Amino acid sequence: MSSVAREWREIPGRYNLEGSKCGCCGQVYFPRRDFCPKCRRDGIGKVSPYKIDRSGEIFSFSIVYESPECNSFLKPYAVALVKTGDGALVAGQLVDVDLEKISIGMPVRAVLRKLDADGASGVIHYGFKFAPAL
Ligand SMILES: [Zn+2]
């Protein structure tokens, strides 16, 4: 019961890349937060939902050769921290990319992909991953 509720709460962020933006300093956050650590008191009540730019560039990345059992079919794979066009830092897996060719500053875009399937409940999770921008 509680896991279903959590699933629903996470859907807006996972499907639409919904974060939040501080109306005081303009900083964009993902995942969303209700409080701006930069503005502190001044930002209270001014942070609102914000749709993150789906394009950005690789800020940092690492190649994963060993992974937990649940992801072992993927390895090796790359995980990147992507700086979006609006300045948010979003972590995600890189897909459709030659691992040898990944570099800092490489343009990428968010794509909706299957994340995993929960065998017990049959729930298939989708979420964002990043692919090279053409
Ligand atoms: Zn702020």
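## Loops, core and a cis proline

Asp 96 counts as exposed, with 11 C-beta neighbours inside 10 Å. Keep in mind that this is a predicted model. The chain has 134 residues, and 19% of them count as buried.

**Overall layout**

- The protein has one helix and eight strands.
- Going along the sequence, you get the pattern α-β-β-β-β-β-β-β-β.
- Take the contacts with a separation of 6 or more: 48% of them come from residues 24 or more positions apart.

**The nonpolar core**

- The largest nonpolar core holds 16 residues, and the ones that touch the most other members are Phe 30, Ile 52, Ala 80, Val 82, Ala 88 and Phe 130.
- At least two residues of this core come from each of S2, S4 (55–64), S5 (77–84), S6, S7 and S8 (123–132).
- Ala 88 makes contact with Gly 19, Val 28, Tyr 29, Phe 30 and Ile 52, once its neighbours within four places in sequence are set aside.
- Two of those partners, Phe 30 and Ile 52, are also on the list of core residues that touch the most other members.

**The loop between S2 and S3**

- Pro 31 sits in this loop, which runs between strand S2 (28–29) and strand S3 (47–51).
- The peptide bond joining Phe 30 and Pro 31 is cis, with omega at about -5°.
- Arg 40 is in the loop between S2 and S3 too, and its phi is near 50°, a positive value in a residue that isn't glycine.
- Arg 40 has 10 other C-beta atoms within 10 Å, so it is exposed.
- Ile 44 is another residue of the loop between S2 and S3.
- Is Ile 44 buried or exposed? Ile 44 is exposed, because it has 12 other C-beta atoms within 10 Å and the cut-off for exposed is 12 or fewer.
- Ile 44 and Cys 22 are 22 residues apart in sequence, and their C-alpha atoms are 9.0 Å apart in space.

**The loop between S6 and S7**

- Back to Asp 96: you'll find this residue in the loop between strand S6 (89–94) and strand S7 (107–118).
- Asp 96 has a positive phi of about 55°, although it is not a glycine.
- Its 11 C-beta neighbours inside 10 Å are why Asp 96 counts as exposed.

Technical notes: Residues numbered from 1 in each chain as written. Predicted model: local features only at pLDDT ≥ 70, side-chain atom pairs only at ≥ 80, totals over all residues. Helix = DSSP H or I, 4+ residues; strand = E, 2+ residues; numbered from the N terminus. Buried ≥ 20, exposed ≤ 12 C-beta atoms within 10 Å, placed from the backbone. Contact = placed C-beta atoms within 7 Å. Core = buried A, V, L, I, M, F, W, Y, C linked by C-beta atoms within 7 Å.
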